[in-house]
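Please read the points below alongside the sequence and the model. Definitions are given where a term first comes up.

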Amino acid sequence: MEGYILSALFLLCACVALLLMRRAQRNLRRYQTLLDSIPDLAWVKDEQSRFVIVNQAFRDIWGIKDPHWLIGKDDFSLSPPELAASYQADDQRVMQDAKMLRFERNFAHVQDGARWMELIKVPVYRQDVIIGTAGIARDISERKAAEERLAWLANHDPLTQLGNRTFLAQQLAQCIDAATPFCLWLIDQDHFKRINDALGHRAGDQALSQVAQQLQHIGTQIFRLGGDEFVLLDDERHAIRVNDTLMQAKQLPILIEGLHFEQGFTAGQVHFPQDGTSAEQLLKHADIALYEGKKLGRGHVRLFAANMASQAVRQLELERDLRQALLQGQFRLVYQPQVALATQQLIGFEALLRWRHPERGEIRPIDFIAFAEQTGIICAIGEWALAQAIAELQSWAEQGLPLLPISVNVSALQLELPHFAEQVIERLAQVPAAISRNIALELTESTLMNEQALETIHALRGADIALFMDDFGTGYSNLSIISQLDLSKIKFDRSLIQHVPNN
């Protein structure tokens, strides 16, 4: 393109020379024909910025019918005064500096509406004296539109048309610099995964679009961070109204493929500057408040409090310590004896997990088991516990001790793993039969609520692995399901039997 433009400019300069040397009109018409073949706008001006020659593309964009109408006139005959003056200032700069000038300009007053043009102006010489300027302009409107689209996409989510994470960072920086109190809400759509799983991602996209529309009626600025997470920014004075509207909005159903779905939000709310003085702090604290809101059962707007941050830090430390405990061998199993009351004989053991922290000492199971379930670490801990129980039972056999059944607790998360049954069956197949038939798995009632877990239970029973049901009666008691599982033993919860002597 560069070579093409320079060649065209050279042709323009040759035209000027012809005109100034008063050559034959036949040659001039020949050069006019050549200029008219150039698809870009081309023109030549004299020292007073009066047009000497223009090509057909130039005349077309300005709607000039008469080829000779503009000759001898200047830009004030075409453009508003302020623009015409700027064009002439460009001409003077080119002639004074004796250099090429290249720039882009939006022509908002041409024949077919606004156009973006890339312009090049050069000085025209006669015997080393500058006698005018020559210029070429190329329509770059499509390129500009593409650039604007890319710039928009860099800051917006194409699905919801909302600002994205990048744009949020920019807006937060401006709000923080302005030092005006504001509120930020981190909003999570409740149970969004159900829509995706039931109807597919297209339906999920429809749901997100409808949620985005609802949120746009609530706050000043709305952003989508990704997935089903949104951020709302508004003046601190509007906080009560925003919270009330959020709670009302969750009552509005969303319509997807003719079906109505309940719409719910859980949100974490923070105030600037009380809850953070940087974008990172505000978002982090809003996320902590959101998590606390979900713990309450979803559907809440949870205001951040300072103690939440310390709790989050403690949980982060606990997760780190749990992972290190596995790697550093801090866990151990203790064995609770099971005795037949009628004969007073020892009939088995339940393997119980214990954790001795090198600095904090013995940590109670109640203080870490539930959290291990939340983070998923329980799957790795459960795998270790089963391997450890098998190894210790083998060790007792090698010492000539009598073998008694050992039940090992299994998490509901483990049973939901697709290949859990295969792995347990394979592990027990690698040890002597006397060992494998004395290993039982102890489950909880919550495992009965998952289809994959039920399939796993049937696979384990199909391999003759003993299964115990622990704390029966505290969760999802369903005798019809229990009767179909072929369990080896059911352990009733104390709450069901403690009043038997008196009731």
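1. Which residues touch the most other members in the largest nonpolar core? They are Leu322, Leu441 and Leu460, in a core of 43 residues. Helix α13 (residues 378-398) supplies the largest share of this core, eight residues. A nonpolar core is a set of buried Ala, Val, Leu, Ile, Met, Phe, Trp, Tyr and Cys residues joined through side-chain atoms within 4.5 Å. Another core, of 24 residues, lies apart from it and includes Ile187, Ile218, Ala239 and Val242.

2. On provenance: this is a predicted model, in which local features need pLDDT of at least 70 and side-chain atom pairs count only at pLDDT 80 or more, while totals for chains, interfaces and linings use all residues. Residues are numbered from 1 along each chain as its sequence is written, and side-chain values use heavy atoms, with hydrogens and water left out.

3. The protein chain has 19 helices and 19 strands (DSSP runs numbered from the N terminus: H or I of at least four residues for helices, E of at least two for strands). Of its 503 residues, 43% are buried (buried is under 20% relative accessible area, exposed over 50%, partly exposed in between; 1.4 Å probe, protein chains only).

4. Beyond its neighbours within four places in sequence, Leu322 is in contact with Phe331, Trp355, Phe368, Phe371, Ala372, Ile377 and Ile381 (contact: heavy atoms within 4.5 Å).

5. The whole structure holds twelve aromatic pairs (rings of Phe, Tyr and Trp, the last by its six-membered ring, with centres within 6.5 Å; planes under 30 degrees apart are stacked, over 60 edge-to-face, the rest tilted). Phe331 and Trp384 form a tilted pair, because their ring centres are 6.2 Å apart and their planes at 45°. This pair links distant parts of the chain, with Phe331 in strand β13 (residues 331-340) and Trp384 in helix α13, 53 residues apart. Phe331 is buried at 7% relative accessible area, whereas Trp384 is partly exposed at 22%.

6. Trp355 and Phe368 make an edge-to-face pair, 5.2 Å centre to centre with 85° between the planes. Trp355 lies in strand β14 (residues 345-357) and Phe368 in the loop between β15 (361-363) and α12 (369-375), so the pair ties together parts 13 residues apart in sequence. Both residues are buried.
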